[in-house]
Amino acid sequence: SSDERSRLGHTTIDELMLESDPRMLDLDIATEVVDQDPASALLDAAKRHGAGKIVVGVDEHSRLHQAIGTVVTALSKSSPVPVVGISADGTSLEVK
């Protein structure tokens, strides 16, 4: 159910925060778990929170995945604010 997915999502986020760099605990972070495609969910959340930028993790994808599109591709086409991708090695790339 939607409630179960929400609880699982929040539990996963809490576990990731506990496993991360302790400085992450000092950040003001808003978390939401929604039943929506990722790009739409991020755009809606950015609008509700008055975000000045959307920051997302990025990964290398296969050529097929690149052709079909990614969340970052969708965001770069429709976001009214800058979109920044951060790779696992910490490299950042402003995609919009």
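Which helix and which strand each supply at least two residues of the lining of the largest pocket? Keep that in mind as you look through these close-ups of a predicted model.

**View 1. The largest pocket and what lines it.** Helix H2 (38–49) and strand S1 (54–57) are the answer: each gives at least two residues to the lining of the largest pocket. The volume of this pocket comes to about 780 Å³. Its lining is made up of 20 residues, and H2 brings the largest share of them, eight residues.

**View 2. Zooming in on the pocket's centre.** Look for Ala 30, Leu 42, Ala 45, Ile 54 and Val 55, the lining residues that lie nearest the centre of the largest pocket. What kinds of residues make up the lining of the largest pocket? Sort them and you get 12 nonpolar, three polar and five charged.

**View 3. H2 crossing H4.** Now follow H2 to helix H4 (residues 71–78): the axes of these two helices come within 9 Å and cross at roughly 45 degrees. Angles from 35 to 65 degrees fall between roughly parallel and roughly perpendicular, so H2 counts as oblique to H4. As for its handedness, the crossing of H2 and H4 is right-handed.

**View 4. Where H2 and H4 touch.** On the H2 side you'll find Pro 38, Ala 39, Leu 42 and Leu 43, and they meet Val 71, Ala 74, Leu 75 and Ser 78 of H4. The residues of this contact split into seven nonpolar, one polar and no charged.

Terms used. Residues are numbered from 1 along each chain as its sequence is written. This is a predicted model: local features need pLDDT of at least 70, side-chain atom pairs count only at pLDDT 80 or more; totals for chains, interfaces and linings use all residues. Side-chain values use heavy atoms; hydrogens and water are left out. On a 1 Å grid over the protein atoms alone, a cavity is a set of points where a 1.4 Å probe fits but cannot get out, and a pocket is an open set with protein on both sides within 12 Å along at least five of seven lines; lining residues have an atom within 4 Å of a point. Grid points are joined across faces, edges and corners, and a volume is the space filled by probe spheres set on the points. Helices (H or I, at least four residues) and strands (E, at least two) are DSSP runs, numbered from the N terminus. Ala, Val, Leu, Ile, Met, Phe, Trp, Tyr, Cys and Pro count as nonpolar, Asp, Glu, Lys and Arg as charged, and the others, Gly among them, as polar. Axes are lines fitted to C-alpha atoms, for helices over the stretch in contact, and angles run from 0 to 180 degrees between N-to-C directions. Angles under 35 degrees count as roughly parallel, over 145 as roughly antiparallel, 65 to 115 as roughly perpendicular and the rest as oblique. A crossing is left-handed if the near helix is turned anticlockwise from the far one by less than a right angle, and right-handed if clockwise. Contact means heavy atoms within 4.5 Å.
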